[in-house]
Amino acid sequence: MILYHADSVYTNGAFQKNYAVLVKGDVIHDIGPFDKLIETYREVSKIEWAGKAIVPGTVNAHNHSFQSLLRGIAVDRPFLEWRDQALYKYTPLLDEEAIYTGALFAFGEMVKYGVTTVSDFFYVHNNGVKTDEAVIQAAIDVGIRLVFARTMYDWDGAPSSYQESVTDATKRTRELAIKYQNHPMVDVHPAPHSPHAASPEMIQAGHKLAKELQTPFHIHVSEEMFEVEETLEKYNKRPVHYLDSLGVVDESMLAIHLVWLDQSEIDLLGSKKTGLAYCPSSNMFLSDGITRIPELVRSGVRVSLGSDGACSNNRISVFEEMRMCSLLQKVKTLDGTCMTADQVFQMGTKNGADLLQVDTGELVIGKKADFLAVDTSDLSLLPKHELFANLVYAMQPTAITDVVVAGKSVVQNRTVQTVSEQMIVKKVDHLFEKWGT
């Protein structure tokens, strides 16, 4: 067992001074005042984090790891131009080596910014599962907790490497989920891409498989107005009502974006207790629009936060998304009280863990030992007496010094321990030399 002692620990909704966290294996075994724990557990190893505070690791509820390789490409473009010039243009180059490199890059950067769990929505399958396995291996190598949202995609307007038949997508997703069902760090969820890029049969197959596997299913919904217009034209229904007609709108649905909704859709989603992975920075970067978060929350929708891919953000920090979520909703509603620091912090930690069905997201006994230390003397966290507000609204990544995932040190003194950061740099550089760009 290891006892982590810091100046304060964020637990039960507040920073508790001179607290400690006792880790046994990959679980939080005890938490409380340092003096009491050191008296009770005399023989444990101790790690002293003087001048630091311990907070829960963040949960990135929506990401596309391979897109980190495309960061900076096709910026300042409309959505469809961005998609064609970044994603579609480079997709033919994305073999197993590229996918592994992109995932290693994305996950390595993320853990430095305090992400301990990520849901990676992945669709470059290349007619199999080898690239899927490359993403999973990268997560294992970095030491980040992974929900692999295996995309089910059959729209023939996309690159062929994205496309699968309903039968193949279901079979491969099921087999991958079964393979990793007892893995301590990996879960596999079905992810029919969207009403735009997955047929009704594919969406229903993803939902059915999620029920079979007892997992959520992930799906992009109403990110762009053209998607709404398309479902209205094809089915005479708005996207959420169309999905409801397929029988898939329920507690197992984790929708991504939900930008263009009318009130009837908000009410339906709330009544069905669906989840949302909200990606405010990406929605701004791609000029998607502004999701109506306060109304969705009031209706009963459970909200988590995601970075989306790093070529549509272009940062991959959940602390950044906490800040963006709150500020964007305040300016949208012209109401400074509509979204609080506590709400967005919960979205980026506990809510994300709950929606992904991962036993983490808060520092309490029995939860997975996923947490990080922040340097309370970092200038971005001063003054110290407003630590929680500054954590959400002011903190820069320089404040994050150490990250523990599943009881193992992944970042120490601001440096990734599990893989060489210089090796990541070399792999990314080599890939672009190989591509001739």
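## An exposed serine

S287 is exposed, because its relative accessible area is 55% and the cut-off for exposed is over 50%. This picture comes from a predicted model.

Where does S287 sit in the chain? Its place is in the loop between α10 and α11. Helix α10 covers residues 280–285, and helix α11 covers 293–299.

S287 and D76 are 211 residues apart along the chain. Their C-alpha atoms are separated by 9.4 Å.

## A sheet of four strands

Now to the sheet. An open sheet is built from 4 strands. Their order is β6-β7-β8-β9, and the pairing is parallel. Strands β6 (58–63) and β9 (186–192) stand at the edges. Each has a single partner strand, so one side of each is left without a neighbour in the sheet. On average, neighbouring strands here are turned by 15 degrees against each other, direction ignored.

What holds strands together in a sheet? They pair through backbone hydrogen bonds, either parallel or antiparallel.

## Inside the sheet

Take β7 and β8. Strand β7 spans residues 115–122, and strand β8 spans residues 145–152. The two pair in the parallel sense over 6 bridges. S119 stands opposite V147 in β8.

## Helices across the strands

Which strands does helix α3 lie across? Helix α3, residues 96–112, lies across β6, β7 and β8. Its direction is at about 150 degrees to β7.

Helix α13 is made of residues 341–356. This helix lies across β6, β7, β8 and β9. Helix α13 runs at about 55 degrees to β6.

Terms used: Residues are numbered from 1 along each chain as its sequence is written. This is a predicted model: local features need pLDDT of at least 70, side-chain atom pairs count only at pLDDT 80 or more; totals for chains, interfaces and linings use all residues. Side-chain values use heavy atoms; hydrogens and water are left out. Buried means under 20% relative accessible area, exposed over 50%, partly exposed in between (1.4 Å probe, protein chains only). Two strands pair if DSSP finds at least two bridges between them. Axes are lines fitted to C-alpha atoms, for helices over the stretch in contact, and angles run from 0 to 180 degrees between N-to-C directions. Contact means heavy atoms within 4.5 Å.
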